[in-house]
Amino acid sequence: MKLGIIGFARSGKTTVFNAITGSHAAVGAFGSRGANLAAIKVPDARVDALAAIYAPKKKTYAEFQFVDVAPNETGEDAKALDSAALTELKNADALVHVVRAFENEEVLHPLDRVDPVADCQALEEELQLADFIVIERRLERKAKEGKRDREYDLLKRCMAHIETGAPLRTLDLSEVERKELAGFSFLSMKPIMLLGNYGEAAIGQDDPAGLQGYADEHGHTLIELCGEMETEVTSLSEEERAAFREDLGLGEESKTLFIQTAYGMLGLMSFLTAGAPEVRAWTIPKNTKAVDAAGVIHSDIQRGFIRAEVVHFDDYMAAGSMAKAKEAGKVRLEGKEYIVKDGDIIHFRFNV
Ligand SMILES: Nc1nc2c(ncn2[C@@H]2O[C@H](COP(=O)(O)OP(=O)(O)OP(=O)(O)O)[C@@H](O)[C@H]2O)c(=O)[nH]1
Ligand SMILES: [Mg+2]
């Protein structure tokens, strides 16, 4: 899973990136001029349990990869995203909008405001505008070439939707249409999570900046963080951390909070692969077919898919070994259309 961290300049993107990933990227005026990249592992007791049995060479947890986009250098027009950022975000699976909800006299918002709801609206507009331009260019070309085909009609529908001020993620599309549009990597179609970056004063207050109200109204998931304090906490030892968090009334660690929220919001789950070389968890959306799950591992396995040998983690553990699970009839051969379940241990058979 690749997540793009976006937001206005000086909203605390890099601060939040550091807090979640435990990185030490430079923040503030001396912030790095390029994008920051880091990954976090998703803790999974099932991976640990399987690794204890298989004693594999390698143990790999599912991962969230983050890209904290470089600050907008275009200055004056006070856009959150410049063209470099827009390009960078194309391959993100979902977006995390860091919304500035803290006051800081020394580092001002580019529009000199602390207005989280206005920032959310402005950023949505930027995403929609970026998509609109892509659609417009494509339609112009198609019109010139006289290609008024299915794609032309579909793009027209997308355009009309954006013209109403709505993001493409709210357009009603069939699965086929979604696939047809996938190549465009439309930004306003990507799931978006709001991450309110609050100041200390907001701790314990109920929706101080009105962000929760906005999130509810638009069906967005909101995570509330106190970015700066979270970064301070990450520099403490494990024991100090818990006490400090409790004293300050900070909730769950930002990394844990983030993982839980992201799995829920993005409708994610994991399946497992186990063998002597590697025990590994793979993240997929719920309701993924076996053949598409295979593609997450490698496109060759997807292409040459024959069968999936599946045993659920719980059945495997109850049986104690693969041989015993087979004896008990818990290992099944499934076809391409099988809907993978959370905790399935899968061995793919495929042609090369
Ligand atoms: N008071 C306060 N200051 C914060 C908070 N989060 C970030 N800051 C400060 O705001 C400034 C900008 O933070 P960054 O994390 O660099 O923000 P950014 O969005 O990555 O900024 P650019 O990459 O330059 O667009 C830094 O000086 C931070 O110390 C916060 O929660 N409270
Ligand atoms: Mg930054």
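This is a predicted model: local features need pLDDT of at least 70, side-chain atom pairs count only at pLDDT 80 or more; totals for chains, interfaces and linings use all residues.
1. Conventions. Local features need pLDDT of at least 70 and side-chain atom pairs pLDDT 80 or more, while totals for chains, interfaces and linings use all residues. Residues are numbered from 1 along each chain as its sequence is written, chains are lettered from A and ligands numbered from 1 in the order written, and side-chain values use heavy atoms, without hydrogens and water.

2. Ligand 1, contacts. Backbone polar atoms of Arg-10 and Ser-11 each lie 3.1 Å from an oxygen atom of ligand 1. For Gly-12 the distance is 3.0 Å. The protein covers 88% of the 640 Å² of accessible area (Shrake-Rupley, 1.4 Å probe) that ligand 1 has on its own.

3. Ligand 1, shell. There are 19 residues around the ligand (a heavy atom within 4 Å). Gly-12, Lys-13, Thr-14, Thr-15 and Gly-28 come nearest. Helix α1 (13–21) gives the largest share, three residues.

4. Cavity. The whole structure has one cavity of 30 Å³ or more. A cavity is a set of points on a 1 Å grid over the protein atoms alone where a 1.4 Å probe fits but cannot get out; lining residues have an atom within 4 Å of a point. The lining includes His-97, Cys-120 and Tyr-214. α4 (116–144) gives the most, three residues.

5. Gly-210. This residue sits in the loop between β6 (192–198) and α7 (211–218).

Note on methods:
Helices (H or I, at least four residues) and strands (E, at least two) are DSSP runs, numbered from the N terminus. On a 1 Å grid over the protein atoms alone, a cavity is a set of points where a 1.4 Å probe fits but cannot get out, and a pocket is an open set with protein on both sides within 12 Å along at least five of seven lines; lining residues have an atom within 4 Å of a point. Grid points are joined across faces, edges and corners, and a volume is the space filled by probe spheres set on the points. A polar contact is a pair of N or O atoms within 3.5 Å; within protein, one must be able to donate a hydrogen and the other to accept it, and residues adjacent in sequence count only if both atoms are side-chain atoms.
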